[in-house]
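Work through the exercises below with the sequence and the structure open. Try each task before reading its solution.

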Amino acid sequence: MKGIIKVTQRKENRKLLRKLKKLKNVAFSQRKQLQLNPVESDDDKESEEEEDTNVQMIRKRQDQAAIKNEEKAIKELEKKLGLKKRKTLPQSFIDDGLGYILDVAGDFKNCGLPLKKVNGNDSDSDSDKSEDDEKKDRDSEMADENCDDDNDVEDDDFDNDDDDDEEEEDDDDEDSESIPELVEDTKTKQAPILKRPATEDCSEKSIKKKVKFDDSVPVPKAKQVKLTEQSNDSLKEDIYGRLRDADGKVVNSKPTGYIPPALRQNLSDANAIDAKLNKQMKGLVNRVNEANMAIMSNQLEEMYNCHSRAILNKCFFENICSTAIRPESSLDRLLLELALLIVIIHSNVGEEIGAYIIQNLVENMHKYRKKSNGKELNNVITLMCCMFNLKIFHSTLLFDLIRLFMDSFQEKDVEILSIIFKNCGFGLRKDDPTQLREVISCIQQKSSTVNIDNFEEPGRMRFILDTLLAVKNNNVYKGDHQERFELLQRFTKLAKHLIRNKSIGDNQLRVTLSDLQNADTKGRWWIVGSAWSGETEDSKKADEESIPTGSEEVKNFLELSRKQRMNTDIRRNIFYTLMASEDFVDAFERLLKLKLKPVQERDIIHVIVDCCIQEKEYNPYYAHLLQKFCEFHRRFQMTFQFNLWDKLKDMPSLTEMMMSNLAKLVSHLIVSKAQSLALFKVLEFGTLDKQTVFFLKAVLLDLFENNPSHVINMVFERIAIQTNLYKFREGLRLFIMHFLIGRKKKAKSPTVIKQLQEAVQLLSISHSTTLL
């Protein structure tokens with residue numbers, strides 16, 4: 001018998017183990033914990049039931065008090081919303097799809113419409129539930145209320161399970177009916193855990209809520225400072241002044257007063273420069289060279305298009321300084337490569353980038369000038385010379401720097417002057433030779449008065465004098481100037497290739513040293529949109545000193561400008577420059593220094609032509625000056641062409657003297673290759689009036705009488721090559737045959753007649769070739 005009892009006990013234990021294993025699998029699939037409690041006695045059960053009833057009574061009292069408080073709050077809100085006398089929700093709530101709000105809140109009596117009508121088709125799935133499911137939902141709600149702590153009343157809403165989960169749990173209950181008392185006790189104790197996940201969530205919340213903190217206990221100040229620092233590190237301010245966390249969500253903080261931009265910048269200086277941007281910028285600056293200049297410049301342009309320019313300007317300048325400006329002397333090629341990168345970004349992105357770098361370089365120059373040791377000042381000046389060679393700024397700033405170092409003329413100043421003339425002496429000679437001549441003479445005078453014995457290296461004075469002599473004589477092949485000149489030419493060609501829609505030097509900054517030094521007080525007029533205080537009394541006095549002071553000279557000038565109908569300030573300035581210049585070269589240089597805009601430069605051509613035709617006798621001064629401008633840039637050629645076409649339309653209003661002067665001016669430009677005979681392609685030779693015929697005959701006769709045959713052949717060959725001038729060539733050939741060769745052969749010399757016939761043959765040959 002004992003053996004049989006042992007076997008049956010083993011079988012029962014195996015069954016129990018299988019049932020427990022099944023329960024564990026079910027709990028694991030539902031992500032629940034199976035807790036086995038020992039069998040309790042009846043006394044323990046009765047004591048627990050009494051405790052549960054006491055807890056339920058306390059809970060009911062707390063619930064009633066909370067309901068009263070909620071009813072008071074609801075009444076106050078109804079008064080504010082005007083819903084006190086309403087039994088149903090307004091129609092606007094139902095139209096907006098909010099008619100189920102009161103059903104969700106539990107106040108089913110105040111809702112005028114049932115949930116099915118309000119929600120329409122969406123409530124069909126909910127209406128399919130059986131009455132047993134509704135009872136289970138209510139039981140689960142009561143269990144949720146009983147699982148909270150005594151001090152927490154608010155957290156009493158939990159979600160119920162779906163119908164599919166309940167059906168699976170019912171199947172599990174049927175399988176577990178034959179388990180003995182131990183399993184039955186565990187099932188009765190843990191049934192809520194297995195059936196409703198809401199109770200599990202509730203138990204977890206109750207466990208978490210056991211640990212509470214009293215707000216009345218003061219926190220030490222040191223801990224508060226640490227907490228605020230940690231929170232400030234994780235929070236960042238966006239462009240609208242709102243605080244955002246690491247995920248980008250807006251963090252509600254206490255409302256503060258308005259913070260001006262100046263103070264706001266001081267508050268955000270710590271987080272202004274992003275470490276990632278700075279690291280990326282440093283990698284670009286360190287890897288830049290002549291071979292990958294296109295790739296590096298494109299990446300840098302993309303950074304400027306995606307991020308703030310103020311932050312990137314600061315990062316860019318700091319990385320340039322860390323790479324180029326060091327206590328030891330940097331390589332000239334490295335500085336030239338950095339200057340090439342700057343000129344590409346300055347031209348393609350914006351002029352304010354180059355202006356920012358130049359201003360900060362000048363500030364660093366004054367700072368390093370106070371130091372006696374180190375090569376930082378030499379590197380700064382060399383970088384500025386490379387930027388000047390690539391035409392980021394004008395020569396006025398460099399001449400101001402030369403005068404600054406000339407005033408003290410110590411050993412360090414002589415070294416800096418030698419660097420300037422060695423790197424960009426020939427560029428200064430090309431930009432402003434007269435000012436360079438004055439600087440060279442001043443340096444030569446000072447070099448004779450300075451005691452060279454006090455210098456540590458007396459050979460520096462001899463070196464700068466040799467460099468000045470080479471610059472003065474334009475001797476590029478002396479010393480290492482040729483290698484530097486070839487390298488600069490190669491970098492200039494690369495810059496022209498990488499700059500888009502512009503030519504190098506179009507956006508050249510014409511700032512002076514005083515402008516950069518007084519930028520914080522007067523403003524930055526060279527940056528578009530920047531503030532500027534305007535002209536001061538000192539600048540006005542300097543302008544007044546440049547105006548002629550003699551009363552007779554001023555009266556004559558005003559009278560002449562009034563007679564010539566110079567009705568604007570620009571035209572008066574151009575007219576005064578033409579009259580006050582020594583020759584056409586001096587006039588050309590002075591007119592370019594007026595710093596006129598491209599639209600205002602057209603007045604230069606108009607004023608020159610008007611002055612030329614109003615002279616009593618023809619003056620070749622205007623013709624040579626116009627030739628200089630037409631050879632300088634094509635825009636002046638087009639301006640003169642349009643001006644001549646306007647004169648051809650108004651030819652009846654001109655006198656014979658004006659027409660003869662204009663004819664000699666046009667013939668000089670045609671012979672000098674500044675213009676071509678295609679100027680007259682707008683003429684209709686079949687409908688010419690007397691004045692136009694007289695003007696065209698004067699031009700052609702001056703051309704044939706005063707020039708040799710090879711020059712005339714060159715003039716006509718220029719229009720004979722062009723295929724689109726067929727009608728003009730045919731009309732010009734008939735005009736020469738009819739008006740110049742036709743009836744008055746005896747009045748002309750045989751050489752002129754021979755040249756006219758050769759011109760007609762050239763035009764007829766070009767006519768036959770176009771027909772073929």
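**Exercise 1. A helix and its surroundings**

What span should the 13 residues of helix α31 have, and how far apart are its end C-alpha atoms? Then find the buried residues of α31 and the helices they pack against.

Solution. The model is predicted.
- Step 1: Helix α31 covers residues 620-632. The expected span is 1.5 Å times one less than the number of residues. For 13 residues this gives 18 Å, and the end C-alpha atoms lie 18 Å apart, so the two agree.
- Step 2: Buried here means under 20% relative accessible area. In α31 the buried residues are Tyr621, Tyr622, Ala623, Leu625, Leu626, Gln627, Phe629 and Cys630.
- Step 3: These buried residues pack against α28 (569-580), α29 (584-592), α30 (602-613), α32 (634-649) and α33 (656-671).

**Exercise 2. The cores**

Which residues have the most contacts inside the largest nonpolar core?

Solution. 
- Step 1: This core has 88 residues, and Phe316, Met387 and Phe393 have the most contacts inside it.
- Step 2: Helix α16 (residues 332-348) contributes the most, with ten residues.
- Step 3: A second, separate core has 66 residues, including Leu662 and Ile670.

Methods
Residues are numbered from 1 along each chain as its sequence is written. This is a predicted model: local features need pLDDT of at least 70, side-chain atom pairs count only at pLDDT 80 or more; totals for chains, interfaces and linings use all residues. Side-chain values use heavy atoms; hydrogens and water are left out. Helices (H or I, at least four residues) and strands (E, at least two) are DSSP runs, numbered from the N terminus. Buried means under 20% relative accessible area, exposed over 50%, partly exposed in between (1.4 Å probe, protein chains only). Contact means heavy atoms within 4.5 Å. A nonpolar core is a set of buried Ala, Val, Leu, Ile, Met, Phe, Trp, Tyr and Cys residues joined through side-chain atoms within 4.5 Å.
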